[in-house]
Every structure is written in C-alpha cells, then in structure tokens.
Amino acid sequence: MMILAFSDYLNQAQRLASRLNAPLGEISLHHFPDRESFIRLPLPLPEHVIVCRSLNQPNDKLIELLLCATTARELGAKRLTLVAPYLCYMRQDFANQPGVAVSQRIIGKMLANLFDDVLTVDPHLHRIASLAQAIPIKNAISLSAADEIGRFLKQKLEYAMLLGPDSESEQWVATIASKIGFDYCIAHKKRVGDKQIQMTLPDNKFFNKPIVIIDDMASTGRTLGKAARLLQAAGSKDIYAVVTHALFCGDAEAHSLQAGIKTIWSTDSIDHPTSCIKLDGLLANAIKAII
Ligand code: R5P
C-alpha cells in the first residue's frame, strides 16, 4: 500500500502515512500556461494506492484525479482508494429547475468509475440518506469529524452554548453537544443569494453566554457573519466558530471576524490558517477498517 498526495494536501497525507506506517509519494503537478495539467506519479506503484486530495476549488482537481487514477491503473494499481476529506459538488442534489445538471450524481458517478473506495468527512448530504446514493460503490464512506471537534472544544472551553446556523447543521451540532455535555440550539436560516442570508435566532438563549457557531463549511462566510451579528445583538459574551471545511472564499474570513467572531477553528480537511483540528486519526482508522 502507498499514499499518494498532491502538494496541497501533503502535510496531512504525511501524518496519515505515518499513522498507517505506509510510504508516501508526492504527485508532481505542473500547469501549462493555458491551464492544462501535467501530472507524473512516483514509481513503482504497489497494488493498493491511496490518493489523497481535498476537493475544494475542484474543477482542475477533478481532471487531475482523472489523469492520476487512470495512470495509476495503467501502471498496475489494482485497488485505488480516494481520501477526499472535503468532497465537492454535493450541493446540487436534484434538478430544482428544468435543465439543471444534478452535479452530485454526475461527479459521484465519475468518482465511482475511477476509485474502488472513496472516504470523505461530513459531506454535504441534504436530500439523500447515504453517500453511496451519490457515489455508487460499496465503500463510499462518510466519516464525521464530530468526535475530533468535540474533543477540541472540550479542551478549549469549560462551557459554551453551541449554535447551528440552519436545520441542516443540527446533525453535527446535536452530536457534538451530546458528546461533550454542552447545550445547543438551532437558528432558522434562509439563503436569498450567494451572499445574502436571512436568519432568526431562537429567543432568550444567548445573553452573557459564550457561544460556538458550528457548521460543516464556511464558503462566503455570510452564514457565520449573520449569526455572529445576531448573537452580538442578543448580548452574547464571546463568539467562536468551528467549521469542518474551511473553504473561506474571497473575503469570507475577514467578513466573519469583522462580524464579531473572536476565533475561528477548523479541521485540516483543507489547509487554512484556522485548521487546527487534525483528522489523520479518523482517516487512518477508517482506512484500516477497509483493508
Ligand atoms: C449550508 O447549508 C451549509 O451548511 C453552510 O451553512 C453554508 O454552505 C455556508 O456557506 P456560506 O459561508 O457561503 O454562508
């Protein structure tokens, strides 16, 4: 078995490889001036190759995965496992208007054609119950960072009220709260544009309390920003945020901090200055369970 990683996930892959006691190889990647990708795999490859890459900013990365997986097969790999802690294109899970591409199904099928196993963390599954519905293979494995986040929060804070900014976040917030014995509540959110959020908080829960907003991802940061502003208006003490996937596009991080969040923490599913909750233990255990 060998771990192969692209440079944008190399540090995390190194930790994973040492947990699995497996060799690590870096995939060479070059972009030509017209943005075509050139990739080269380290040789020789063993029968089982584990390719690691988080799929934020996914369009180039998906083509590079196609090149990588196809080449690895041609070079003799019999089993290909993808570790993609952040899984892209999960939002569009149905055709809400005629003509809409259901990208979750399309990209899921592409990954299923390339890999024997796909492992990811807290994927954005909304209207489907299991990851295998999006990625139709036996080992489509959806892990949760709830334990890692819970342990981290317990070390950092004696007590805080956890806030999920929308109904979808309840699955993570409730699990974390019950693991560490903190209270939680859920706001009501409506997204009215890429950067426009309407939100209402449940009544009378926040005055003079430390609050941690918990979400699966921060993309534009508008969800965190809106929640933080409402919490400030409700008299919260210190406001923190934890996200599993720190996408933080454009001004997202600055926007969230300006809205009054004291500290943002995230997992290392994506390399980001906020990434301090490590997932290599979770991923290594899941890989051990399937090999
Ligand atoms: C939405 O359902 C997700 O759970 C996140 O709340 C959302 O993707 C965050 O996006 P943004 O940072 O753009 O508000």
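Predicted model: local features only at pLDDT ≥ 70, side-chain atom pairs only at ≥ 80, totals over all residues.
Figure 1. About 30 Å³ of space lies in the largest cavity. Its lining consists of Tyr9, Gln12, Leu16, Asp268, Leu279, Asp280 and Leu283. By class, this lining divides into 4 nonpolar, 1 polar and 2 charged residues. Two helices, helix 1 (10–20) and helix 9 (280–290), each supply at least two residues of the lining. Rolling a probe the size of a water molecule over the atoms shows where empty space is left.

**Figure 2. The ligand in the largest pocket.** The shell around the ligand holds 14 residues, and those that come nearest are Arg191, Asp215, Asp216, Thr220 and Thr223. Strand 11 (188–193), strand 13 (211–218) and helix 7 (222–233) each contribute at least two residues to the shell. Strand 13 gives the most, with 4 residues.

**Figure 3. Polar side-chain atoms and ligand oxygen atoms at aspartate 216, threonine 220 and glutamate 168.** In aspartate 216, a polar side-chain atom lies 2.6 Å from an oxygen atom of the ligand. A polar side-chain atom of threonine 220 is likewise placed 2.6 Å from a ligand oxygen atom. For glutamate 168, the distance between an N or O atom of the side chain and an oxygen atom of the ligand is 3.0 Å. The ligand taken alone exposes 380 Å², of which the protein buries 92%.

**Figure 4. The cis peptide bond from leucine 43 to proline 44.** Omega of this bond is near -5 degrees. Proline 44 belongs to the loop that runs between strand 4 (37–40) and strand 5 (48–52). Most peptide bonds are trans.

**Figure 5. Arginine 35, a residue other than glycine with a positive phi.** The phi value of arginine 35 is near 80 degrees. Most residues other than glycine have a negative phi. Arginine 35 is found in the loop between strand 3 (28–31) and strand 4.

Technical notes
Residues numbered from 1 in each chain as written. Heavy atoms only, no water. Near = heavy atom within 4 Å. Polar contact = N/O pair within 3.5 Å; in protein donor to acceptor, adjacent residues only side chain to side chain. Areas by Shrake-Rupley, 256 points an atom, 1.4 Å probe, with all protein chains shown as cover. 1 Å grid on protein atoms, 1.4 Å probe; cavity = no way out; pocket = protein on both sides within 12 Å on 5 of 7 lines; lining within 4 Å. Sits in = over half its atoms within 2 Å of the grid points. Points joined across faces, edges and corners; volume = space filled by probe spheres on them. Nonpolar A, V, L, I, M, F, W, Y, C, P; charged D, E, K, R; others polar.
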